[in-house]
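Good morning, and thank you for joining this group meeting. I would like to take you through one structure, beginning with a single residue and ending with the chain as a whole.

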Amino acid sequence: DPPTEAAAYSWENLSDGERITLDESHLRIIGNVIELYANDHKGHFPPDLVTADQDFEGVRSDIYVSPRTDSAIPRGTMSPLERSAWVATRADYIYLGAGQSNTASPNTILAYDNPDRVAGDIDVLYGDGHVGSLDRADAAVLIGFADVPPNDPPPSPPTTPAPDPKVVQRASNLSAIS
């Protein structure tokens, strides 16, 4: 849990729209990692995200975590072995690119939000690198998962305590002085 002072900057305080935007950004970065891997491996996509990550250790670890779930990001430096194990245990995104190459159709789905971990629409990474959002029912039909609510849903957003009235008054006083 972040300290109170840092809470305003943590994922826990993001709005739903900010969480979705960050989630889509993570899928785009995963798409870049997949494409970089393919460039170094005769156009073949990696068999899994762990293999792709091992080739590009400079990528931030938090891209494998969806801000739409309750998964925690690592809080320190990991050895390559620890990082591989950590990436392997992430369940926020489902990867489908194994066995495919960069000649895949632009409509080919390479990765998507894990429907067991995310409520609402499903963000999808396509073969041409773009990310789109699909209605949960449409995604279920297209990808082939059951259209049911998540069984490991994200937590409810935290309640924000009311600001301390003394702090509000001091801010007002400082503003008046300036």
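**An aromatic pair and its setting**

Let us begin with Tyr 112, which is buried, its relative accessible area being 8%. Please keep in mind that we are looking at a predicted model.

What is the partner of Tyr 112 in an aromatic pair? A search across the whole structure returns one aromatic pair. In that pair, Tyr 112 is stacked with Phe 145, at 6.1 Å centre to centre and with 15° between the planes. The pair counts as stacked because its planes are under 30 degrees apart.

Where in the chain do the two residues sit? Tyr 112 belongs to strand β2, residues 109–113, while Phe 145 lies in the loop between α4 (136–144) and α5 (165–177). The two are 33 residues apart, and the pair thus links distant parts of the chain.

Is Phe 145 buried or exposed? Phe 145 has a relative accessible area of 14% and is therefore buried, the cut-off being under 20%.

Turning now to the chain as a whole, five helices and four strands are present. Read from the N terminus, the order of elements is α-α-α-β-β-β-β-α-α.

Of the 178 residues in the protein chain, 37% are buried. Among contacts with a separation of 6 or more, 50% are made by residues 24 or more positions apart.

Finally, the surface: the accessible area of the protein chain is about 10400 Å², and carbon and sulfur atoms contribute 55% of that.

Conventions: Residues are numbered from 1 along each chain as its sequence is written. This is a predicted model: local features need pLDDT of at least 70, side-chain atom pairs count only at pLDDT 80 or more; totals for chains, interfaces and linings use all residues. Side-chain values use heavy atoms; hydrogens and water are left out. Rings of Phe, Tyr and Trp (its six-membered ring) pair if their centres lie within 6.5 Å; planes under 30 degrees apart count as stacked, over 60 as edge-to-face and the rest as tilted. Buried means under 20% relative accessible area, exposed over 50%, partly exposed in between (1.4 Å probe, protein chains only). Contact means heavy atoms within 4.5 Å. Accessible areas come from the Shrake-Rupley method with a 1.4 Å probe; for residues, only the protein chains shown count as cover.
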